[in-house]
Amino acid sequence: MKLTTAVLAAGAAVSLTTAVVGATRLRQNARHQAERNEAFLTRNQLDWLAQMSTNPDLAKLWAPEDMDVEEYMQLLAANRLICILSVRDRLGFVRTGHLPWHAAKLMENDVCRRYWQRFGELRAQEAEGDERAEHFTRVLDQAARNHPQAQPAVA
């Protein structure tokens, strides 16, 4: 092999390696930016839920017409707990197989069950197309249905 051919081959290999590393870095930067955006939006949502669940005047503006403001505030506080669990799950802080346990613990709380009964279907619609969110919603729905107080009384 001639020296010029070897130099050209080595240069091409270095160029290809640089291109692959650059493309990988761009994908990684895009993924990190998406994660930062999601964290930012999640913080906004949790802040909004905190304000709505503690400020009756603000909650009154958003409460459904058929719902008492105090009830709406309680349901939003439950939604905040559910959102926190959802974030922990998305970030990988809920160990594999433990989500049903966490969901069952949430559904032990009456206000969480009332929230799910009222808004669970909306959560399912919001989750459509997001496999992880759909799984989370199914697990919470199952926990709500499995709670003893959700079972019909046996005569």
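## Salt bridges

The whole structure holds 11 salt bridges, a salt bridge being a side-chain nitrogen of Lys or Arg within 4 Å of a carboxyl oxygen of Asp or Glu. This is a predicted model, in which local features need pLDDT of at least 70 and side-chain atom pairs count only at pLDDT 80 or more, while totals for chains, interfaces and linings use all residues. Residues are numbered from 1 along each chain as its sequence is written, and side-chain values use heavy atoms, with hydrogens and water left out.

## Pairs within a helix

Asp 47 pairs with Arg 43 at 2.8 Å between the closest N and O atoms. Both belong to helix H1 (residues 3-52) and lie 4 residues apart, about one turn of the helix; helices (H or I, at least four residues) are DSSP runs, numbered from the N terminus.

In helix H5, Asp 110 and Arg 113 are 3 residues apart, and their closest N and O atoms are 3.3 Å apart. Arg 113 is buried at 10% relative accessibility, whereas Asp 110 is partly exposed at 38% (buried means under 20% relative accessible area, exposed over 50%, partly exposed in between, with a 1.4 Å probe and protein chains only). Asp 110 and Arg 113 also belong to a salt-bridge network with Glu 71 and Arg 114.

The partners are 52 residues apart, Asp 66 in the loop between helix H2 (56-62) and helix H3 (69-90), and Arg 118 in helix H5 (residues 110-127). Asp 66 is exposed at 61%.

## Overall fold

The protein has 6 helices and 0 strands.

How values were computed: Helix = DSSP H or I, 4+ residues; strand = E, 2+ residues; numbered from the N terminus.
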